[in-house]
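Reader: Hello! Could you walk me through the labels used for this model, and what each one rests on?

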Amino acid sequence: MKLRIHTLAAVPPLADLPADLSGQVITLDLSHTDTSQRAAATDLARELLDRGAARIVISGTSAA
């Protein structure tokens, strides 16, 4: 399951996801985010794990 977070999102990213994500691998695509949204991604990843996600993969960032 790929979850894209970007500055134009009208709906919070968790609004459309099921409460039970048991066993799911979630990819967070942060390529269209600003610094403050990337900081909030930590809380988002924690919530996804709390919902049962097996693994979180983060893409779209650079180690600059």
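Author: Gladly; let us start with a charged pair. The side chains of Glu 47 and Arg 51 meet in a salt bridge at 3.0 Å, N to O. This is a predicted model, where local features need pLDDT of at least 70, side-chain atom pairs count only at pLDDT 80 or more, and totals for chains, interfaces and linings use all residues. Residues are numbered from 1 along each chain as its sequence is written, and side-chain values use heavy atoms, with hydrogens and water left out.

Reader: Why is the contact of Glu 47 and Arg 51 called a salt bridge?

Author: The term asks for a side-chain nitrogen of Lys or Arg within 4 Å of a carboxyl oxygen of Asp or Glu. Glu 47 and Arg 51 have 3.0 Å, N to O, so the label applies.

Reader: What makes Arg 51 buried or exposed?

Author: Buried means under 20% relative accessible area, exposed over 50%, and partly exposed in between (1.4 Å probe, protein chains only). Arg 51 has 18%, so Arg 51 is buried. Glu 47, with 29%, is partly exposed.

Reader: How many salt bridges does the structure hold?

Author: There are 2. Asp 43 and Arg 46 also meet in one, at 3.3 Å, N to O.

Reader: How far apart are Asp 43 and Arg 46 in helix α1?

Author: They are 3 residues apart, which means a separation of about one helical turn. Helices here are DSSP runs (H or I, at least four residues), numbered from the N terminus.

Terms used:
Helix = DSSP H or I, 4+ residues; strand = E, 2+ residues; numbered from the N terminus.
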